Every structure is written in structure tokens, then in C-alpha cells.
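Please keep the sequence and the model in view while reading.

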Amino acid sequence: MKTKIILFLTVVSMTFGGCTFLDYDESSFYKKEDVFSSFQRSKEFLANIYSYLPTKYGLVGGSLRSAACDEAIWVEKLSVINRFNNGSWNAINTVDNSWHYFAGIRAVNLFVEEVKGQEFDELKNNQDYAEMMNQFKYYPYEARFLRAYFYFELAKRYGDIPLIITVLTSDEANKLERTPFEQVIDFIVSECTQIAPELPVNYNNITQQEVGRITRGAALALKSKALLYAASPLFNTGQDKTKWEKAAKAAADVIKIAGASGYTPLPKLSNLWNKNYAINNELILGIIEGESNSFELANFPVGIEGGGTTGTCPSQNLVDAFEMQATGLPISDEAGYQQADLAYDSQNPYVGRDPRLNASIVVNNSVWVYGEKIECWTGGRSGAPVNYATATGYYLKKYVDSSVSLKAENITSKRHVWNIIRYSEILLNYAEAMINAYGNQNYKSADLPMSAAEAVNMVRARQGVNMPPFPNTLSPEEFLKKLKNERMIELAFEDQRFWDIRRWKEGAKVADIYGVQITRNGDHFNYKKVLVEKRVFDEKMYLYPIPQSEMLINKQLKQNAGWN
């Protein structure tokens, strides 16, 4: 059973050094014809393409990309992630150089071209031939999805990029100009539209032991996400409302198949991560990582026996975003969409808050790993001045498996599941597109059978969260602000906020990063919000620079504005 899961998912542990498998010259272990005339080798080739899918939410230099936006700080100040924050990155000293996706794209182009008409005649007498071919017929559509996904990852970083959909020689590829962003999105949308009807809703009756393969829902979800980005202010400079309408319609197409696909916001937040992929009904596309404890080692608090190296320190900015559960009101008038809940007590700050706060973030004096209290206060065993203690007064809980043990006498590991696209994101995408397109949180139609308010309230109403619905008294502008806050809460640490800030063009608004200074007086604590970091954000940073190494190879590439 495990071998098939490993083939499609934990192959992500492979390095991209597998590119020699794509060259197929006379010195290669297999020639091209050897690979694509074999069902098993073709399957392995596709598995290698799957390995380009991202894991661990934008891991950069060991850090989550969350530490490059207002969600968090990475405790190690010398980490490469901090180039995003201090303005020291550029076309030569890049951060998160993602040009490697073109290797995955080249592999897809080759795969799609070479598997056409393959029937593996030598296997026709095998008992499982029909089952094998029933799986194989989906492989080209899975590969085309992966190519579309890789283009989305490139486009959201760089904007205009070369669009290559056939097998080219290196010389041909290195003479291509950048294709406009809109044309790249059009290609992604067209591909997803074509392949979605060809893909199954699930693989339950196709293969019993493989999970993580591309489904119809994944294709429709990627289409909706690409259109959402295209409609957003960074790329929709003309404020064309029809782009928001297209994004809403695409998200509605996912919602319409939710029942048949089994998609629903999960009742337990903890089931969103590190659980069995097959029973996660919220997951549309994800990655299973084999058993490990590296994420726990990087994020367990220092100072306790069997502790880690702290890593991701959630910000006070994020903590302040969590509303009061009883009223759904923010804790500060600075939220800008509703007045603050007067019941909030800044000296008892974590009581009565949205339950997602406790599910996502380790707060001072709370019981967590090993059933111990985490002492974040100054002088506490996991607080300043302990080396590598939290820089913000908080530790990461979301996706960190507290059942892992790092104690020397009993080191354990656990499987991790990383969400790439999940149903709650689609609901929030839909709500955002709807309010921008129609300016009415209650608007719906025959083609758009759910209102923006109904979509976001479905996320908030999940069992164990039970947050009050958005009030009908909100103006469209207030609704959108509250919705953006909801995205920050619901999708925290899932590599969404970094990109949301950019597509909304709000980078300069969130450059000040706050933490909390905690002092202890007997059994009581004093909490003081403090500025921890002032970051650099320039207009040019909404898009990545094209790596200078690529500019030297291909003289036709033009650099993004401001990076010359």
C-alpha cells in the first residue's frame, strides 16, 4: 500500500537533480523511447513531475514564507528569508528563485507528446491490463494540470513569463520573450477548462491505494484561483469588474461539485493537517510527506527538554486579527470594519477569542507539547533572554504535530499532510470575487447560487469554531476588509498571506511587525504590545526580479520594473 503513496506523493523528497532523466541522450540510463514504451517508467516519469509541487508552505532557507509577511518572524536573523524584509534581495541575490518550474514544464511537454497513442502491447495479456490502462488514460490530463499549476506559480511571482507548451531545444527556449501575464492566465484557464471534464471526481473506483492525484475539483479550483489573481489590483490595473465576475463564476463551479466530491469545511481544525489524506474532506489538492520530525525540530520551543529551535514566531499583527467569539467583533477599532468589542481585556488577551487562535498559535502559559506549559514571559524557560527564544512572544502551533517527541530517549516522527488548495479557501475566494463584482454581500443568481456572506459564514460556522456570521449592516468596503481579515485568520501559515498582500497591493501597509513583551508578577502577567521589526517594502517588490543568471542566458528577457 505505501509504495503507491510514495510514488505519487513522498517523491517530493527527491531532488530536482532528476533533470538528467529528462535529457535522454545516449549517455542517459534510459533513452526516451525506453521510458515511454514502458508503463511503469512512464508512471515514474509522471511521479517525478508531481515532485515539483511545493511542500511546507513556501519553505525558504528553512523558514516558512510567512516570516516574509506580517504573519511571523523567523527567529534566526541571518536566514535568507530576511532578505525579503530588509530589502537586500535583487536579481543577483535572489530569494525563492523559482525558475526551476520550467524544468517541470519541459518534462510535462515531453510527457504529453510522447505518451500519445501508447497502448503497451506487450502487457495486453496481463490480468491487470484493463485496470492499468484505466489509470493511464488520466495521466496526460494530470500532467497538463501540473504544467498549468507551475505556470501559475511562475506568473504570480514574475508576472510576464515565457509560455512554452511544446518540446524545445535549449537554444530555442533561450531565445523566447516573456508572454504577457494575461495570456499566461488565459492558457491556465483554457487548460483547466479542457481537462476538468476528463478527470474523475475521485479515484475511489479507479485505483484503491493511490491518493493525491489530480481530480476534476483540483482543475476547477486552480482555474478559479488563477482568475482571482488576474482580477486583483496588482494585475487588474483597469479595475475591470468583469474579471471579478469570471473569478466568481469559476469558484462557483467548484462549489457546485462540492457535494459529489465530498468537499466541506472540516468540523475539527486539527484534521486539516497531519491526518490521513483520504479522509480529509476539505482537501482538494495536497501533498503527503513521509514520516519525519524536521518541522517539529524547527518549530518546537527552545528551553524545554526535547525542544526545538523555535523557528517561526507568529506576530502580534496576526494575533490581533482574531476576533472575539461571542460577538465576532475585532479587538481594536483599527480593524476598520467594525468597532472594537469592549469586553476585550488587553491584560487577559487570549480569553474569549476566535478558537482558531488557540488552534494556530501557542500563547503564553498555555499547555502544549509534552503536556507542559510554555513560558513565553521574560525570564521564562522559553522566553527572553534564552538564546533562540521567541522573538514575538508566541510559538507556531498550526501544522506542528505536538505528538512528536524529540526527547533523546524517545525520538519519534509523524506523517505530515500539506494543503495546497482546500475548500475553505475556495469559499473565501468566491466571497472576495462576489463582493468585488457585485458590491452586495447577499447577491446571488442562478449561476451563482451562494452569496458572498453565505460562503464566508460557512467557513466561520464549522464545528469547533462557531464564529458569528458577518452582519448585514456592513458596507461593501467594510465587508471586504472583514473578509481580508478572515483570510488572514483561516489561511494563516498556508503560504497565502504573502501573496494576498501583493495581489491587493498592500505591502507598505503591513511593514511594521509587532510582538508582545510579557512580564511576570507572581501569578499574574503584564502584556505590552511592542514594535519588533520595521521592514522595507518598495513598489518593485510586488513582483520578483527575473534572476540575472537567466537574463544572461536569454538576452530576450526583460527585467521587471525597478529591478534593473
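This is a predicted model: local features need pLDDT of at least 70, side-chain atom pairs count only at pLDDT 80 or more; totals for chains, interfaces and linings use all residues.

The residues that line the largest cavity divide into six nonpolar, four polar and six charged.

The secondary structure of the protein chain comprises 21 helices and eight strands. Its radius of gyration is 24 Å, close to the 24 Å that the globule rule gives for 564 residues, so the chain is as compact as a globular protein of that length. Along the principal axes, the C-alpha trace spans about 80 × 60 × 50 Å. Of the 564 residues, 58% count as buried. How far apart in sequence are the residues that meet in this chain? Among contacts between residues at least 6 apart in sequence, 70% join residues at least 24 apart.

Helix α17, which covers residues 423-438, has 16 residues and reaches 22 Å from its first C-alpha to its last, close to the 22 Å expected at 1.5 Å a residue. Is this helix enclosed or open to the outside? Of its 16 residues, 15 are buried, so α17 is largely enclosed by the rest of the structure. Just after α17 comes Gly439, which takes a positive phi of about 65°.

The empty spaces of the structure come next. Rolling a probe the size of a water molecule over the atoms shows where empty space is left. A search of the whole structure finds five cavities of 30 Å³ or more. The largest cavity holds about 160 Å³ of space. It is lined by 16 residues, of which Pro54, Tyr149, Ile420, Glu494 and Asp495 are the closest to its centre. Two elements, α8 (139-158) and β6 (414-422), each supply at least two residues of this lining. Which element gives the most to the lining of the largest cavity? That element is α8, with four residues.

The second largest cavity has a volume of about 130 Å³. Its lining is made of 13 residues, and those nearest its centre are Ala68, Cys69, Gly507, Arg535 and Phe537. Here α5 (83-86) and α20 (497-503) each contribute at least two residues to the lining. By class, the lining of the second largest cavity has eight nonpolar, two polar and three charged residues.

Attention now passes from cavities to pockets. The largest pocket contains about 980 Å³ of space. Of the 33 residues that line the largest pocket, Asn317, Asp320, Glu334, Ala335 and Asn485 are the closest to its centre. Two or more lining residues come from each of the helices α15 (316-321) and α19 (476-490) and from each of the strands β7 (512-521) and β8 (524-534). The lining of the largest pocket divides by class into 16 nonpolar, six polar and eleven charged residues.

Is Arg487 buried or exposed? At 3% relative accessibility, Arg487 counts as buried, because the cut-off for that class is under 20%. Not counting residues up to four places away in sequence, Arg487 touches Glu425, Leu428, Asn429, Glu432, Ala492, Gln496, Asp500, Arg503 and Trp504.

Ser366 is found in a loop, the one between β4 (361-362) and β5 (395-396). Apart from its neighbours within four places in sequence, Ser366 is in contact with Glu372, Lys373 and Ile374.

Lys558 lies in the segment after α21 (548-553). Leaving aside neighbours within four places in sequence, its contacts are Arg178, Ile546 and Met551. Lys558 and Gln127 are 431 residues apart in sequence, and their C-alpha atoms are 55 Å apart in space.

Conventions
Residues are numbered from 1 along each chain as its sequence is written. Side-chain values use heavy atoms; hydrogens and water are left out. On a 1 Å grid over the protein atoms alone, a cavity is a set of points where a 1.4 Å probe fits but cannot get out, and a pocket is an open set with protein on both sides within 12 Å along at least five of seven lines; lining residues have an atom within 4 Å of a point. Grid points are joined across faces, edges and corners, and a volume is the space filled by probe spheres set on the points. Ala, Val, Leu, Ile, Met, Phe, Trp, Tyr, Cys and Pro count as nonpolar, Asp, Glu, Lys and Arg as charged, and the others, Gly among them, as polar. The expected span of a helix is 1.5 Å times one less than its number of residues. Buried means under 20% relative accessible area, exposed over 50%, partly exposed in between (1.4 Å probe, protein chains only). The radius of gyration is taken over C-alpha atoms; the globule rule is 2.2 Å times the number of residues to the power 0.38. Contact means heavy atoms within 4.5 Å.
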